[in-house]
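Hi,

Here is the structure I promised to send over.

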Amino acid sequence: MAESVLQLNNVTKTYVLGKRKNAQKAQKAIHKLQKKYEKLAAKGNSELTKQIRKKLNQAQTFFAADKFEASYHVATGKTLKKRRRDRGDVVHALNNVSLAIQKGELVAIMGPSGSGKSTLVNMLGLLDEPTAGEIYLQGRGVTSIRRHELPEIRSRELGFVFQSFNLIPTLTALENVMLPLKYAGIHLRRRKDIARKALERVGLGDRLNHDANELSGGQRQRVAIARSIVNNPAIVFGDELTGELDSKMTQEVMKLVLSLNKKGQTFIIVTHNPDVAKHAKRIIYMRDGRIEKETQH
Ligand SMILES: Nc1ncnc2c1ncn2[C@@H]1O[C@H](COP(=O)(O)OP(=O)(O)OP(=O)(O)O)[C@@H](O)[C@H]1O
Ligand SMILES: [Mg+2]
């Protein structure tokens with residue numbers, strides 16, 4: 001089997017809004033149990049670890065069914081009285097999602113607005129913490145990695161391209177691409193060299209010294225892609241990376257994504273555009289915080 005770069009196991013993300021006291025309590029209890037589970041699991045797979053995992057799954061299942069009192073009871077052994085007048089909402093942004101991304105894949109994530117696509121990408125990109133569940137990056141459990149290590153892992157292993165480019169308009173293309181290297185302790189000349197090569201790879205070797213605001217939309221997004229790959233990340237994420245581009249520029253950017261993918265770069269992209277998604281061998285469809293279906297061709 002191919003090497004799995006990124007894996008989600010039963011990942012859940014819930015938001016409790018307003019005064020849903022019991023939901024809040026149950027959510028906290030689940031989170032606490034999750035932490036306990038991670039600590040124990042790091043030490044080895046004892047009988048106690050298995051028991052806690054089972055409890056965690058049960059508590060999570062009740063929570064997902066809005067049975068907050070039952071969820072709290074499983075997680076803590078204590079009882080909550082059912083409250084009828086609590087106002088507010090519980091949003092199951094991600095509901096028990098399991099997913100493995102293999103090295104070299106180009107995966108598209110689709111689904112209606114609010115279905116959990118960005119939440120999913122934020123989990124995969126280690127930008128946000130799940131309420132429950134486990135994330136593995138190159139086989140290493142991420143949820144148990146201490147928080148202060150995360151930014152470093154993110155900047156070393158992951159690249160991001162967002163809808164609105166996020167380039168610094170007054171810096172040149174070269175300077176923008178050099179930015180992620182700034183904190184890696186690389187000598188200035190070498191940083192310039194690496195950044196120039198990344199821009200050449202995206203076909204912008206002749207635009208190195210243009211300010212970002214002196215480039216077309218498609219060129220800006222290519223600079224953003226150069227910036228995302230400059231560290232040789234294991235995975236590049238794009239959330240609506242062609243969202244603000246016309247169809248010609250979208251094609252230009254997708255051609256680049258495909259050629260980088262052919263050379264082995266792993267991509268996970270969120271898109272509403274079927275013309276973008278059709279380039280992906282694997283399409284994941286989200287609905288109501290769950291993976292509704294997956295197609296592979
Ligand atoms: N910080 C938050 N607090 C509360 N609810 C949130 C929060 N972030 C997201 N949500 C809710 O979680 C659900 C999933 O949101 P998400 O942003 O993942 O959707 P999406 O599929 O990316 O939608 P879009 O296509 O509009 O970008 C939505 O119902 C949203 O309202
Ligand atoms: Mg989104």
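This is a predicted model: local features need pLDDT of at least 70, side-chain atom pairs count only at pLDDT 80 or more; totals for chains, interfaces and linings use all residues.

To start with the strands: over how many bridges do β1 and β2 pair, and is the sense parallel or antiparallel? They pair in the antiparallel sense, over 11 bridges.

Residues are numbered from 1 along each chain as its sequence is written, with chains lettered from A and ligands numbered from 1 in the order in which they are written.

Back to that sheet. It is open, with four strands in the order β2-β1-β4-β5 and antiparallel pairing. β2 and β5 (140–141) are at the edges with a single partner strand each, so one side of each has no neighbour in the sheet.

There is also an open sheet of six strands, ordered β6-β7-β8-β3-β9-β10, and here the pairing is mixed. Its edges are β6 (158–162) and β10 (290–296), each with a single partner strand, so one side of each is left without a neighbour in the sheet. β9 (residues 282–287) and β10 pair in the antiparallel sense over six bridges, and Met286 has Ile291 in β10 as its bridge partner.

Now the ligand. The shell around ligand 1 (residues whose C-beta atom, placed from the backbone, lies within 6 Å of it) includes Tyr15, Val91, Gly116, Lys117 and Ser118. α4 (117–124) gives the most to this shell, with three residues, while β1 (4–18) and β2 each supply at least two.

Finally, the inside. The largest nonpolar core has 60 residues, and Ile109, Val177, Leu199, Val223, Ala226 and Ile268 touch the most other members. (Such a core is a set of buried Ala, Val, Leu, Ile, Met, Phe, Trp, Tyr and Cys residues joined through C-beta atoms within 7 Å; buried means 20 or more other C-beta atoms within 10 Å of the residue's own, all placed from the backbone.) Strand β2 (residues 88–102) gives the most to this core, with five residues. Apart from it lies another core of 18 residues, among them Val16, Ala29, Ile30 and Tyr37.

Cheers

Conventions:
A residue is buried if 20 or more other C-beta atoms lie within 10 Å of its own, exposed if 12 or fewer, and partly exposed in between; C-beta atoms are placed from the backbone. Two strands pair if DSSP finds at least two bridges between them.
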